[in-house]
Every structure is written in structure tokens, then in C-alpha cells.
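Here are a few exercises to work through with the model open beside you. Try each task before reading its solution.

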Amino acid sequence: MVDILIIEDNVELATLISDFLLNEGYSVFVTSSGEEGLLYLEENTVKLLLLDIMLPELDGFSVCRTIREKHNLPIIIMSARNGDDNKIIGLELGADDYMEKPFTVNLLTAKVKSHLRRSYDMVENKQLLSDGDLTINRASMTVYLKDEPIVMTSKEYELLVLLMENKGKALRKEWLFETIWGVDSFSELSTLTVHINKLREKIENNPKQPKRIVTVWGVGYKYEAV
């Protein structure tokens with residue numbers, strides 16, 4: 001198992017990030033193309049992906065979309081494409097975070113540690129959460145709907161767990177955001193809305209008229225048992 005896969009065609013930046021993470025004790029594999037990165041993921045287990053967008057041939061957005069069809073690992077996009085539109089595209093395709101270049105390696109490392117901690121070091125007391133035909137296996141971090149596995153990002157998974165743990169309770173948007181992304185997150189509150197919409201698409205019979213994750217106007221959201 002490799003801790004971190006870096007897909008970045010800027011050799012100098014990739015080397016800088018890799019050396020820094022190696023010094024932090026992580027195992028790292030670096031590739032400069034999306035195709036090679038996808039092939040590596042097919043043959044190896046990776047805990048987290050650092051993904052550039054402007055790659056030769058197959059760009060990072062396409063790589064992200066392809067990975068999300070099969071894998072749940074956290075994805076942090078690193079891109080010189082700034083602006084909300086690109087952030088929203090990345091998040092909607094399944095990325096867990098979006099860092100605009102230039103950034104400090106210290107900040108990136110802090111993000112890496114945060115995502116790994118949230119995804120893999122959570123202490124769970126109750127292994128299964130269920131509601132009707134929806135089941136979460138917390139030991140394996142997998143979600144099943146009608147006995148079929150659902151591919152989710154790590155943040156979608158954490159958000160769904162938090163909502164199901166608080167069935168029937170109206171949860172404030174700000175609290176949900178701070179709990180999942182952290183008070184020191186550089187993401188924005190709109191990130192929560194994107195993830196709620198993606199969850200609805202995956203677990204609701206009719207995402208436009210949700211029965212499970214409902215909006216509490218002026219407050220936030222709550223999970224209603226079916």
C-alpha cells in the first residue's frame with residue numbers, strides 16, 4: 001500500500017511535494033500523466049491522491065471522474081485554474097478538496113494529514129448504520145443501497161454518516177460544514193450544498209423531491225427516517 005499518489009506534470013513541484021511528504025514519513029508514488037496514474041491505481045492500493053488538473057492528454061478532471069467510478073480514496077486537486085467555477089467542477093466530479101496554485105507545501109501537508117485522519121483514523125463504536133434499504137458499514141467505510149454498493153467520496157461518506165447519526169434533528173449548515181471540513185478549512189460553505197446535492201443523487205429515489213435528506217429552511221438539513 002502507498003500512502004499518497006501524486007499525479008503532477010511539473011517535475012520540480014512534484015519532487016518538492018514528494019520530498020516533503022517523504023520527510024513526514026509517508027510513502028509516495030509520483031507520475032506525470034493521468035493514464036499512468038489510473039493504471040497505478042488499478043494495480044495498487046492508495047490512501048490519498050494529489051491531482052493536478054492541467055495534465056498532458058488526459059486532464060485531471062477526466063482522471064477524477066474515472067477514479068470516482070471505482071474508488072473512494074480522498075482526492076485533493078492542485079490547480080492553477082482559479083475561480084469558483086473550476087472549484088465547483090472539481091467538487092462535483094468527486095474531489096474532496098481544491099487547492100489553488102501557488103500554495104505552500106506546509107499547507108498542503110496539513111490538508112493531507114487532515115484528510116487521512118478523517119478518512120482512516122476515525123474511532124467507531126457502532127459498525128453499522130441502517131435506514132430501510134440504505135446501510136453504512138463503518139468498519140469498511142462502504143455504503144449499500146438495495147444491497148448494491150454506492151461509490152462515494154470521503155467527504156460524502158462522512159456527511160452521510162453525520163446526518164444518519166442525527167436522524168430527525170435539524171442540523172445547521174455552519175455546524176455541518178465545520179464538523180466535516182473543519183473550522184480552519186479553506187473551502188466555502190457552498191461546498192456543503194454541492195455535497196448534499198451529490199448525496200441526494202446517490203440515495204434518493206427522486207433527488208429533486210428528497211425524502212431522506214431534507215432541507216430545513218433558514219437552518220440547514222436533516223435526515224428523515226424512511
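**Exercise 1: a helix pair**

Helix α6 crosses helix α7 in a right-handed manner (the near helix is turned clockwise from the far one by less than a right angle). This is a predicted model, where local features need pLDDT of at least 70, side-chain atom pairs count only at pLDDT 80 or more, and totals for chains, interfaces and linings use all residues. Residues are numbered from 1 along each chain as its sequence is written, and side-chain values use heavy atoms, leaving out hydrogens and water.

Task: describe how α6 and α7 pack, and which residues make the contact.

Solution. Step one: α6 spans residues 154–165 and α7 spans residues 173–181, and they pack at about 130 degrees with axes 10 Å apart.
Step two: K155, E158, L159, L162 and L163 of α6 meet W175, L176, T179, I180 and W181 of α7 (contact means heavy atoms within 4.5 Å). By class, seven of these residues are nonpolar, one is polar and two are charged.

**Exercise 2: two single residues**

Task: is L189 buried, partly exposed or exposed, and what does L189 touch?

Solution. Start with its place, the loop between α7 and α8 (190–203). L189 has 35% relative accessibility, so it counts as partly exposed (buried is under 20%, exposed over 50%, partly exposed in between, with a 1.4 Å probe and protein chains only). Beyond residues up to four places away in sequence, L189 touches K173, E174 and F177.

Task: is K198 buried or exposed?

Solution. K198 lies in helix α8. Its relative accessible area is 19%, so K198 is buried. Leaving out residues up to four places away in sequence, K198 touches E92 and E156.

Key. Axes are lines fitted to C-alpha atoms, for helices over the stretch in contact, and angles run from 0 to 180 degrees between N-to-C directions. Helices (H or I, at least four residues) and strands (E, at least two) are DSSP runs, numbered from the N terminus. Ala, Val, Leu, Ile, Met, Phe, Trp, Tyr, Cys and Pro count as nonpolar, Asp, Glu, Lys and Arg as charged, and the others, Gly among them, as polar.
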